[in-house]
Amino acid sequence: MYDVLIVGAGPAGLSAARVLKRAGVEKIAVLERTREPGGLPRYCGHLGFGMLDFGRMWKGPRYARALTEAAGVPILTDTTVTGIEPGGVVHVSTERGLETWRARAILLATGTRETPRGPRLVSGTRPWGVTTTGAFQEMVMKGLRPFQNPVIIGSELVSFSALMTARHGQVKPVAMIEENARITARRPADVLAAMVYGTPVLLNTRLVSILGGERVEGVDIEQDGERRTLACDGVVFTGKFVPDAILARTSGLPLDSGTRGPTIDSTFRTQDPQVFAAGNVLRAVEHSGQAALEGRAAARMILRALEGRLPDLVSAVPVTCGEGVASVWPQRLYAAPRGRIVLHARMETLQRGVLRLSDQEGRAVAQRHIHVLPERRVELRVSAAALAGMSQLRLEVEK
Amino acid sequence: MTETMAGDSLYDIAIIGGGVVGCAVFRACVLAGARTVLLEKGGDLLEGASKANSAILHTGFDATPDTLEAACVQRGYALYRDICADMNLSVVKSGAMVVAWTEDDLAQFPKIIEKAARNGVTVRRLDAREAREREPALAGDVRGAVLVEGEHLIDPWSAPMAYARQAILNGGTLMRRARVEGGVRQEGVWRLDIAGKPAVQARTVINCAGNYGDLVEAIVRPSPFQITPRKGQFVVFDKTAHDLFRTIILPVPTTLTKGVVVTRTVFGNVLVGPTAEPQQEREFPTVDHDNLEALRKAAFRIIPALREHDVTTTYAGLRPATQFSDYQIEALKNEGWITVGGIRSTGLTGALGIAEHVVTLYRDSFADPAPLKDVALPQMPNLVEELPRQWMQPQRGPIACHCERVTEREIEAALKDEVLPAGTLGGLRRRTRCMMGRCQGFYCTRRVMELAEAHLPGLVTPIGEGHRDV
Ligand SMILES: Cc1cc2nc3c(=O)[nH]c(=O)nc-3n(C[C@H](O)[C@H](O)[C@H](O)COP(=O)(O)OP(=O)(O)OC[C@H]3O[C@@H](n4cnc5c(N)ncnc54)[C@H](O)[C@@H]3O)c2cc1C
Ligand SMILES: Cc1cc2nc3c(=O)[nH]c(=O)nc-3n(C[C@H](O)[C@H](O)[C@H](O)COP(=O)(O)OP(=O)(O)OC[C@H]3O[C@@H](n4cnc5c(N)ncnc54)[C@H](O)[C@@H]3O)c2cc1C
């Protein structure tokens, strides 16, 4: 019998382990399905890790190592969690076969992945050379290169990671293409792309179809309504991250249609009072530091849970998305005499106006002015005391 | 190595084409006692029409009665069920329902039932309530259904692989990357020219070239049939959708709204498709965004709860269709040639029946060898979701592909197999299911490449000087 089992040894899971260990929790383990701990940063060969939690500017693998060393608890690799059942039951596949373990609390920190070609319903043939940033980065990190001149689809932050990876791998992308009139990442990433990497960023450009037989030979694109063929030998689909929430889903934990991750309350608890969730499994996608901070925050809630100090699930007040709001988390809040709850949200489209949380009678509980792009996360602070007596909350934008 | 390069030996039979039909014919010829070589132009078997189908083992209830196709499908269906357990091949009894949504659909039922009866297949009519009782996930306005209990789901790749494997284990020769470019027959022996390889000699040639059937036929005569490949596109839904329904949902054939099939796969996904689009491309079918979107919508129309499930991937296959609806199978007695063409949309089921028929033609027209005794049986690894998989066993070693839970050991076994190793990445995927899951290689491509690199050259190249591991 474990006190806490953590599923996933990425930034969220390892950061949670560290907090729990320091607080003196004895029987704890992190379960990781791959051969080594660290999560996605293991394969990110560029700088940009560790600022928030270690105060350093590291490359991914260094950060992964620091997280692993700091965790200080057993990390069981090659251990896949295949299901969770009410009552703290954890089904695992290990080198010894299938086993069933038990824990007083479970933390889901299974992370996120990019959307590959399939669900995007992209036209064309299906040659080799079509991949995602994550897979491309891993290959380059291990000294392998699947193509020389790919086209990069998307302009999120991760799309620029793909560019940096390309440089490490001596791969020269022919172009980065973006459907919208502006890049998704913050500027001046596009200027940098053109200057540093010599890769043109084509805006208002749509991927029409993939060409080639055994291997990619080109893509048809449409720029400002005009079609042309771009010769290339690979296609990297970047971003459009989705939570890797399959374990939550197949374990019967409800997923939120907005975040596509498991729904949680303001104590990081899912619908199962023994199961918590943190990091990018909650929603896509935040940088590793945010995932790590959530891991720590969830761990503090788990400590309270182990002492029986968390509110009863049934007393939670649900939050739903109204006008203009695409997703909100946590999805359930608790009234309390003091303290603040931070609500996170993303918008459906560019929004300018007042982001307002109101109760069942339409009375405002909290609000702030926003002017924000759809992919950016917005925070709204809510006083826990103000929630007393409420039965339903709604977050919306008033223009 | 059973894969030979030798060009000087004389075979009784050379089969051109390693699709499901060629594989089944290969097996039947070897078991019949003929020295047989299978020539496949691709880097692996099943790279043509047979790589992409609906994976249904048909009863033949809707076949045109008294055709060769109807006979082969029925026989193939029975033979598959006889041998599958011996080779550890899957067969999932799902049943199928032809579902009516309109008055017009309903009006077709008597014809469907009568046809099934003529084909000797038992079917049962269900009213709307019974249809919904059997499949509660069907949209509420279902009007009724014809239930065909005997339809099954099978693994469309392990089955033909098993046929070829059994042929090789019993002395057959497989040559891959062996494209037949032409041939001449002299003194009763065919000399087939192979691109970049020594010629192959055989007394009898069997043309099983699928979408190239007419081109290969031109080696012996002006082809009496022309192939116009008929493309079928599919959308594959996530395994989370697997428990929504059991029965294969078929459309009423003549309905005006374009009908699509919604079915589960033995691997645990849900398939929606196929379209039927005549076109010229023989090798690399395209998927099309608008068609895929339409398929997805059609699926939601039939099983509304599919809306809650993600798409895993999309693909397309090419049916070797000719101007005739029936199979084109005949022995050219004076030419030492058997034509097996136009195996359009039922070849996965019909293959074993076709193979039996072909051996009969061979015996009648060419030679009558003594059948093999003490036949070796291959055991295929299980890929079916509901049966024990390797990752569940102790000492499984690392898992490489986490979505489909494919172990490194399974991948290595497929790559290093002595009888029939994976010859292409597609072949590796079909043998193990790696990279076929919901992340489509996000988590496993690198590991698969590391394992496959030495065996499947050309997928990745090492990064040269200047690369540093961080
Ligand atoms: C290409 C790319 C570039 C990026 N660049 C940056 C950057 O520059 N800076 C930055 O801050 N962030 C970056 N990120 C994002 C960062 O890597 C993630 O935000 C962070 O790793 C999320 O942490 P996590 O703990 O939530 O999940 P992950 O790191 O994804 O960890 C989840 C872990 O759970 C394991 N797991 C999943 N399911 C199971 C199961 N059933 N059983 C056992 N184990 C399981 C997985 O194997 C994995 O190790 C990048 C991401 C990508 C893909
Ligand atoms: C969309 C779709 C759905 C289907 N659904 C089902 C189903 O549910 N159930 C069912 O029973 N059937 C189904 N089918 C039908 C079935 O897939 C086909 O009938 C079958 O695959 C045809 O096999 P084949 O061996 O004749 O052709 P192929 O698989 O095309 O094999 C021919 C082979 O010959 C090789 N070749 C060609 N020319 C040469 C040459 N010159 N030299 C050497 N080799 C050569 C090719 O590379 C190829 O591998 C479906 C088909 C499609 C397309």
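Guide: Chain A has eight helices and 29 strands, counted as DSSP runs numbered from the N terminus, with helices (H or I) of at least four residues and strands (E) of at least two. This is a predicted model, in which local features need pLDDT of at least 70 and side-chain atom pairs count only at pLDDT 80 or more, while totals for chains, interfaces and linings use all residues. Residues are numbered from 1 along each chain as its sequence is written, chains are lettered from A and ligands numbered from 1 in the order in which they are written, and side-chain values use heavy atoms, with hydrogens and water left out.

Visitor: Why does the radius of gyration of chain A agree with a compact globule?

Guide: Because a compact globule of 399 residues would have a radius of gyration near 21 Å, and chain A has 22 Å. The radius is taken over C-alpha atoms, and the globule rule is 2.2 Å times the number of residues to the power 0.38.

Visitor: OK, ligand 1. Which residues come nearest?

Guide: A:Ala12, A:Glu32, A:Asn280, A:Glu286 and A:Ser288, out of 36 residues around ligand 1. A residue counts as near if one of its heavy atoms lies within 4 Å.

Visitor: What polar side-chain atoms lie by the oxygen atoms of ligand 1?

Guide: One belongs to A:His46, at 3.0 Å from an oxygen atom of ligand 1. The side chain of A:Glu32 has an N or O atom 2.6 Å from a ligand oxygen, and A:Ser288 places a polar side-chain atom 2.7 Å from one. A polar contact here is a pair of N or O atoms within 3.5 Å.

Visitor: How much of ligand 1 does the protein bury?

Guide: 94% of the 1,000 Å² that ligand 1 exposes when taken alone, by the Shrake-Rupley method with a 1.4 Å probe.

Visitor: Switching to ligand 2. Which residues are nearest there?

Guide: Of 41 residues around ligand 2, the nearest are B:Glu40, B:Ala49, B:Ser50, B:Ile343 and B:Thr349. A backbone N or O atom of B:Ala49 is 2.8 Å from a ligand oxygen. B:His58 has a polar side-chain atom 3.2 Å from a nitrogen atom of ligand 2, and a polar backbone atom of B:Arg344 is 3.4 Å from an oxygen atom of this ligand.

Visitor: And how much of ligand 2 does the protein cover?

Guide: The protein covers 97% of the 1,000 Å² of accessible area that ligand 2 has on its own.

Conventions:
Polar contact = N/O pair within 3.5 Å; in protein donor to acceptor, adjacent residues only side chain to side chain.
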